[in-house]
Amino acid sequence: MATKASRSAARLMMAPAVVLLLGWMLVPLIMTLIFSFKKYLPLRGGDLGWVGFDNYVRFVTSSAFWPAVQATLMIVGGVLAITVIFGVLLAMLLDQPMWGQGVVRILVIAPFFVMPTVSALVWKNMFMDPVNGVFAHLWKAFGAEPIQWLTQASLPSIIIIVAWQWLPFATLILLTAIQSLDGEQLEAAEMDGAPPLKRFWYIVLPHLGRAITVVVLIQTIFLLGIFAEIFVTTQGSFGTKTLTYLIFQRVLESQNVGLGSAGGVYAIILANIVAIFLMRIVGKNLDA
Amino acid sequence: MARAVTNQRKAINTAFAWAIGLLIFFPILWTILTSFKTEAEAIASPPYFLFFDWTLENYAVVQERSNYARYLWNSIVIAGGSTLLGVIIAVPAAWSMAFVPSKRTKDILMWMLSTKMLPAVGVLYPIYLIFIKMGLLDTKIGLVVVLMLINLPIIVWMLYTYFREIPGEILEAARIDGATLREEILYVLTPMAIPGIASTILLNVILAWNEAFWTLNLTAAKAGPLTAFIASYSSPEGLFYAKLSAASTMAIAPILILGWFSQKQLVRGLTFGAVK
Amino acid sequence: MFLRNALRAATALTLVTAATAQADTITIATVNNGDMIRMQGLTEEFTKATGHEVEWVTLEENVLRQRVTTDITTKGGQFDIMTIGMYETPIWAKNGWLVALDDLGDDYDVDDLLPAMRDGLSYDGTLYAAPFYGESSMIMYRTDLMEKAGLDMPEAPTWEFIRDAAVAMTDKENEVYGICLRGKAGWGENMAFLTAMSNSFGARWFDENWTAQFDSAAWKDTLTFYLDMMDRAGPPGASNNGFNENLSLFQQGKCGMWIDATVAASFVTNPNDSSVADKVGFALAPDTGKGKRGNWLWAWALGIPAGTDNEAAAKEFISWATSKAYIELVASKEGWANVPPGARTSLYENENYKDIPFAQMTLKSINSADPLNPSVDPVPYQGVQFVAIPEFAGIATEVGQEFSAALAGQQSADEALEKAQALTVDAMEAAGY
């Protein structure tokens, strides 16, 4: 149905969005690329000339690099696993008939509305503090030694905080998907005597495939760049230094913009590797 | 669902769901409760749950120290403005992707999403320098533009998926009836897409409201939204749990209320094309 | 001729009056510490006196630092006054980014500033930031617990004594820990304490050729002593404790001794917040007999970025906020214990301030710190608990993370020092040393 005229009209209508995003991507990207090949130290007079690939070599050979990549992947993976698994369970629960469904739904969605800074502050001080936190009180009430969450279990603590924020998002999307599931199909399966686990595995889960893909994709994009949660809680100590945080340290704490920019280029590369990986594995789901 | 459900089963579901819902909501509830305690009560061991002397003194202290109304207004303008601007730019793009798809539509969508992967800290200096040149530092319009650009890919994608669900025949019928492109979008497409656009707006207002890196780093005294407000209450000297809770409650309350009133739209609309 | 001169004088005069009468709005970036929040509350007094309006940007310390550094290095011009410390001042002044504060008015009495503060906030002999309040570090201890342990705190104890006393005071059953020290990673957190401590052990960050010294015996002594003492007499979770956490532990009566900022003295002796307010004694930071004590020197100061449009009004504000009159203003409203300490000699000569129990020990601690000769051996840098070079904050935070991990038991002292040395060498190389 697309005529030549409507095609060019379509291009015209897409233009503003594409041009803006192209600018938003290219200008900083080009500046980052330029900086990354320079010795750029703002506190020592700024631009001190070209240095070739020095910054790239230095960034990768730093002892902090691979642990940072690892921490990044662990946080992304951990949060994805928790939000998808609990999201599916929660969505199925919320789909059941019950009293006060609307209120429960509100309670479950609420964390999504909380600013990351606020949620990190609240979790760090009022829950995970080993002396005055709610968890410490809880542990003491059962006669156990309180856990020093952000020291002894630093990575899991961060994963818990971030997963709490993103669980509502996953649940929402999965809930919409479950609600569109054909009830009769399930009923028929039930009458045929298929046990609940089988029904879940062969009917519900395949139906949710597409929704899970979307959850994983969108969350990955946001999770690769998480910053506030780490800045507020551990400041990168105890193995929680992600790639984003490492770049922050190089640019703002060490005031080495060249080195940080090289790190930024690596982060883009990592993000794209993850994206391609995702596309290959789950992307086909999207075309259906 | 037409299945008959026994009351017993319904009761079990209810109990279970409420328990989990309250557990997930507890950190927010606890923050709100703590905001009404005194600093000493806030760290008491064992902690008080409901039976303490409810006080508003923390809110008074916070209000006295910072001009909450201005931060709130800035948040509203920035989150609302960036979302509206984004939608205005995204609607035509999403329309053409949905109704005049080409081989490259998918690639363009993916590319748009990939622009979100550029780590913000890495480009702080370039953006800051550009903002100085253009005189946009500490202006609401500057933040509106930046947040719009950050969220534009999400907006385009969401709208695209909603538009795709609109049957093409209706548009064709309108076209045969002699509707122009503008009329087609305005009178046929838009009314059908209203629910989708509504949930797109909602989600993006939330995302923009909570954005804490650019809003902190590109503002000073004039354009700072609630994220900047919060940054003056985290970890000062001495006891601070109650005041922090009060400030936190003030920062999240507006968006929490908005979210609650519109949760039906969110639940119905947040699909990203995940549901077929 | 006469007429022309007269005209010129008249024009100049009108210009001057115009300048003074003009009401400006200045923007001030500051940290959310108690003294600054008090200053914010008194802004009206300043506006009443001068007509200038003030816009405050109050941020948590880490955010503030990130914010003002970005702005000053890019010449963003968002602030007319920035709250900075002894670390930033000489570095920024060297780059020509700060306005010299050599003309703060006739009644400012710049010679009244404590010499250590003035030195630390000057570059090449010129003052570039005016101290709002200053601090050193000292020992705050529980007199009752000390007595119970059968010990007597000397005015200037050694580290050995502190360790033995800490072990003797510890009663883990009742949640009383002999010593609380900073363990949270950060150049302004654990590294401020450990660098100051290392000075008294004869260690230094760099030798005269800017070679990192973490492989030296003196640093190993410092770190092992610290880890051993904290292991035997420190609180649980110490590796996440910074100033705030230790303050609240001490106020709850859980620490026997606490070595930290002198400004904490007014918090731990304030009966409203502290359960041990009447049982606190003070002593100089410990030494090892090598001639340096383990105390630091810091000031929160107000500086003006070069190129601001409101330089005159900004100077007026600074000379108001760091003046003797401001101290009296606070004293009249909040009492003498709450005035900003550690900046002016006259405060310590004031009859009203002499009764404050920690006043003299604060002054002695400040005076015993020497930012120009911080360590036993000569060093090429300025700063007691920091090194005033741009790279320091980044390096020290990473080193602090290694030491913090050692305190948490995740690695040994040797491993931590080895990593610290490697990353310092690497970062210094990147900076071109």
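Mentor: In this predicted model, the contact between chain C and chain B involves 23 residues of chain C and 20 of chain B, two residues being in contact if their C-beta atoms, placed from the backbone, lie within 7 Å. On the side of chain C that touches chain B, at least two residues each come from helix H2 (34–41), strand S2 (53–59), helix H4 (61–73) and helix H11 (243–251) of chain C. Helices (H or I, at least four residues) and strands (E, at least two) are DSSP runs numbered from the N terminus. The most is given by S2(C), with four residues. By class, this side of chain C has seven nonpolar, 12 polar and four charged residues; Ala, Val, Leu, Ile, Met, Phe, Trp, Tyr, Cys and Pro count as nonpolar, Asp, Glu, Lys and Arg as charged, and the others, Gly among them, as polar.

Some conventions apply throughout. Residues are numbered from 1 along each chain as its sequence is written, while chains are lettered from A and ligands numbered from 1 in the order in which they are written. Local features need pLDDT of at least 70 and side-chain atom pairs count only at pLDDT 80 or more, whereas totals for chains, interfaces and linings use all residues.

Chain C as a whole contains 19 helices and 10 strands. Its radius of gyration is 23 Å, close to the 22 Å that the globule rule gives for 433 residues, so chain C is as compact as a globular protein of that length. That radius is taken over C-alpha atoms, and the rule is 2.2 Å times the number of residues to the power 0.38. Along the principal axes, the C-alpha atoms of chain C fill a box of roughly 85 × 50 × 35 Å. Of the 433 residues in chain C, 56% are buried; a residue is buried if 20 or more other C-beta atoms lie within 10 Å of its own, exposed if 12 or fewer, and partly exposed in between, with C-beta atoms placed from the backbone. Among contacts in chain C between residues at least 6 apart in sequence, 74% join residues at least 24 apart.

Residues 184–209 of chain B are 100% helix and 0% strand, with end C-alpha atoms 33 Å apart. Residues 108–131 of chain B are 62% helix and 0% strand, and their end C-alpha atoms lie 28 Å apart.
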